[in-house]
Amino acid sequence: MTITILGGTGPQGRGLALRFAHAGVPVEIGSRDAERAVEIAAELTSKLPVGSAEISGRANSAAVTAAEEIVILAVPWSGHNATVKAIKEDLIGKILVDIVVPLKEGDPKKVDMPPEGSATEAAQALLGPDIPVIGAFHNISAHTLNDLNADINCDVLVCGDKLDPRKKVMALIEKIGVKAYNAGDAEAARCIEAITPILIRINISKAVPFSHAGIRIWPPGN
């Protein structure tokens, strides 16, 4: 099943492309600059072990069209709404996975939520009810994703207004060896997206002996 990652030339998008291709899922990288997408796809492919799935690059619209069903949006918050509007017609019949966090300009330790409540809800409002938007991957370090020798050290909280698309995205996430949890409808993204700046604050703090930490659901007795 080919998936598409828009913003696949950025750190988070690159890391997800590597992880999914390594897990055997073909990836199309989308960018406003098709040549840049092709260049990054070749660079990422050179980092993959033999037997991995293919990573290809195209302009955004063509990349969305190439996705079998799932398109991941990994652009900066500043380009979020414009990108969603530009690909709306291409997304008909597909699922948009929104991983964008509306970090405050000039201070990534805080969020600046849009009027809709979250980036996930903003995308759903722009696309309308017939194109499902699922929020996921908000709290994973790009550094960790890009290191194929490292285990992903967190779980993924998944939210969205339609249950079946949520389940499909959760199944996809678990292909890269990560536990996905159903966090409820799109309104839950307000809480999930807001975790990211807290993690950023902790990870850059001199008071802790680590960086790139994530969130994990820890059952009793473990």
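**A walk through the model**

Modeller: Happy to! The lining of the largest pocket takes its largest share, four residues, from α8. Before we go on, this is a predicted model, where local features need pLDDT of at least 70, side-chain atom pairs count only at pLDDT 80 or more, and totals for chains, interfaces and linings use all residues. Residues are numbered from 1 along each chain as its sequence is written, and side-chain values use heavy atoms, with hydrogens and water left out.

Colleague: What counts as a helix or a strand here?

Modeller: Both are DSSP runs numbered from the N terminus: helices are H or I with at least four residues, and strands are E with at least two.

Colleague: And what is a pocket?

Modeller: On a 1 Å grid over the protein atoms alone, a pocket is an open set of points where a 1.4 Å probe fits, with protein on both sides within 12 Å along at least five of seven lines. Lining residues have an atom within 4 Å of a point.

Colleague: How much space lies in the largest pocket?

Modeller: About 1100 Å³. That volume is the space filled by probe spheres set on the grid points, which are joined across faces, edges and corners.

Colleague: How many residues line the largest pocket, and which lie nearest its centre?

Modeller: The lining has 42 residues, and Q12, A74, V75, P76 and L103 lie nearest the centre. At least two lining residues come from each of α1 (11–22), β2 (27–31), α4 (80–87), β6 (103–104) and α8 (189–203).

Colleague: How many of the lining residues are nonpolar, polar and charged?

Modeller: The lining divides into 18 nonpolar, 19 polar and five charged residues. Here Ala, Val, Leu, Ile, Met, Phe, Trp, Tyr, Cys and Pro count as nonpolar, Asp, Glu, Lys and Arg as charged, and the others, Gly among them, as polar.

Colleague: Let's switch to α4. Which of its residues are buried?

Modeller: H80, T83, V84 and I87 are buried in α4. Buried means under 20% relative accessible area, exposed means over 50%, and partly exposed is in between, using a 1.4 Å probe and protein chains only.

Colleague: Why do the buried residues of α4 line one face of the helix?

Modeller: Because, looking down the axis of α4, they fall within an arc of 100 degrees. The arc is that of the directions from the helix axis to the C-beta atoms. A82, K85 and A86 are exposed on the other side of α4.

Colleague: What covers the buried residues of α4?

Modeller: The cover includes β1 (3–6), α3 (60–66), β4 (70–73), β5 (95–98) and α5 (119–127). Contact means heavy atoms within 4.5 Å.

Colleague: New topic: where is F137?

Modeller: F137 sits in the loop between β8 (133–135) and α6 (142–146). F137 has a positive phi of about 65 degrees although it is not a glycine, and it is buried, with a relative accessible area of 2%.

Colleague: And H138, is that buried or exposed?

Modeller: H138 counts as buried at 5% relative accessibility, and it lies in the loop between β8 and α6. Not counting residues up to four places away in sequence, H138 touches D98, I99, V100, V101, T120, I192, E193 and T196.

Colleague: What about H212, where is that?

Modeller: H212 is in the segment after α8. H212 also has a positive phi, about 60 degrees, without being a glycine, and at 28% relative accessibility it counts as partly exposed.

Colleague: Which side chains make polar contacts with the side chain of H212?

Modeller: One is S141, at 3.3 Å, and another is S211, at 3.4 Å. A polar contact is a pair of N or O atoms within 3.5 Å; within protein, one must be able to donate a hydrogen and the other to accept it, and residues adjacent in sequence count only if both atoms are side-chain atoms. Leaving aside neighbours within four places in sequence, H212 is in contact with S141, H143, T144, N153 and N203.

Colleague: Back to α8 for a moment. What does L199 touch?

Modeller: L199 is found in helix α8 and counts as buried at 10% relative accessibility. Not counting residues up to four places away in sequence, L199 touches N139, A213, G214 and I215.
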